[in-house]
Amino acid sequence: MKLHTYYRSSASYRVRIALNLKGLVAEEAYVHLSKNGGEQFGAAFDALNPQHLLPVLEVDDLVLPQSLAIIEYLDETRPALPLLPGDPAGRARVRALSQMIAADIHPIDNLRVLKYLGQELGATQEQKNAWYRHWVALGLAALERQLAGNPATGLFCHGDTPTMADCCLVPQLYNARRFECDLAAYPTITAIEARCLALPAFNGAQPDLQPDAE
């Protein structure tokens with residue numbers, strides 16, 4: 001099993017957490033997203049993923065892109081310590097919470113979008129930061145409402161054990177803090193994050209603790 005990753009890639013961060021939670025070990029191959037014009041555009045990585053996005057997991061003679069697809073594959077093929085609930089309603093809720101982050105917040109704030117805003121549209125750093133904070137605030141406000149007071153929410157996003165939704169939440173909040181987003185309006189979210197980071201599986205996956213961290 002080999003994980004192609006970058007320490008600051010939040011999608012890679014999700015998979016690192018999932019691997020840790022499930023007690024799985026993957027060899028890591030580091031792909032720097034900004035050095036030398038971006039190593040993701042080199043021939044070797046292009047052959048693995050023509051989307052030029054991280055992460056990619058090589059496992060079981062497969063080459064899997066997309067973090068949520070990777071996590072679900074690992075959950076289906078290595079079902080011990082599951083990251084999705086056993087009931088259809090629970091699985092649907094965890095997938096919905098995960099997609100709120102992975103599909104609706106993260107993509108429009110990703111590195112390639114911010115680069116496009118600056119290089120092609122001439123946005124200043126201040127304007128790019130404002131863009132980032134706007135979409136994060138919009139997304140986290142909706143997520144807070146989904147989690148707060150919902151009987152399905154427990155110590156974590158769904159119930160009292162971590163799920164795929166928590167694997168998505170923690171990296172998004174790490175990035176939000178990098179851009180100095182104000183998280184005071186999201187007490188449910190930040191309380192869940194604190195419980196997650198108290199666990200070795202989450203703590204050990206933090207970007208600043210990775211071998212390729214700068």
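This is a predicted model: local features need pLDDT of at least 70, side-chain atom pairs count only at pLDDT 80 or more; totals for chains, interfaces and linings use all residues.
How are helices α7 and α8 oriented to each other: roughly parallel or roughly perpendicular?

**First stop: α7 and α8**

Select residues 164–178, which form helix α7, and residues 187–197, which form helix α8. Two packed helices are described by the angle between their axes and by the distance between those axes. Here the angle is about 105 degrees and the axes are 10 Å apart. An angle of 65 to 115 degrees counts as roughly perpendicular, and α7 and α8 are therefore roughly perpendicular to each other.

Next, display the side chains where the two helices touch. From α7, show Asp166, Leu169, Val170, Leu173 and Arg177; they meet Ile189, Thr190, Ile192, Glu193, Cys196 and Leu197 of α8. Coloured by type, the residues of this contact comprise 7 nonpolar, 1 polar and 3 charged.

**Second stop: α6 and α8**

On the α6 side, look for Leu140, Leu143, Glu144 and Leu147; on the α8 side, look for Pro187, Thr188, Ile189 and Ile192. The contact of α6 with α8 divides into 6 nonpolar residues, 1 polar and 1 charged.

**Third stop: the annotated regions**

Now select residues 87–214, listed by UniProt in an unreviewed entry as "domain: GST C-terminal". Over this stretch the chain is 60% helix and 0% strand, with its end C-alpha atoms 42 Å apart. Then select residues 1–82, which UniProt, again in an unreviewed entry, names "domain: GST N-terminal". Residues 1–82 are 35% helix and 20% strand, and the end C-alpha atoms are 19 Å apart.

The domain assignment draws its own bounds: domain 1 covers 2–81 + 204–209, and domain 2 covers 88–202. Colour them separately. Their centres, taken over C-alpha atoms, are separated by 19 Å. Where they meet, 20 residues of domain 1 are in contact with 22 residues of domain 2. Together the two domains bury about 1,900 Å², of which 61% is on carbon and sulfur atoms. Select Arg14, Leu21 and Leu68: these supply 29% of the area that domain 1 buries against domain 2, more than any other three residues.

**Last stop: two backbone details**

Most residues other than glycine have a negative phi, and most peptide bonds are trans. Zoom in on asparagine 36, in the loop between β2 (27–30) and α2. Although asparagine 36 is not a glycine, its phi is positive, at about 55 degrees. Finally, go to proline 55, in the loop between α2 (43–48) and β3 (56–59). The peptide bond from leucine 54 to proline 55 is cis, with omega near 0 degrees.

How values were computed:
Residues are numbered from 1 along each chain as its sequence is written. Side-chain values use heavy atoms; hydrogens and water are left out. UniProt positions are given in the numbering used here, feature names are shortened, and annotations may be inferred rather than shown by experiment. Helices (H or I, at least four residues) and strands (E, at least two) are DSSP runs, numbered from the N terminus. Axes are lines fitted to C-alpha atoms, for helices over the stretch in contact, and angles run from 0 to 180 degrees between N-to-C directions. Angles under 35 degrees count as roughly parallel, over 145 as roughly antiparallel, 65 to 115 as roughly perpendicular and the rest as oblique. Contact means heavy atoms within 4.5 Å. Ala, Val, Leu, Ile, Met, Phe, Trp, Tyr, Cys and Pro count as nonpolar, Asp, Glu, Lys and Arg as charged, and the others, Gly among them, as polar. Domain bounds come from an automatic or database domain assignment. Buried area is the accessible area (1.4 Å probe) that two parts lose on being put together, summed over both.
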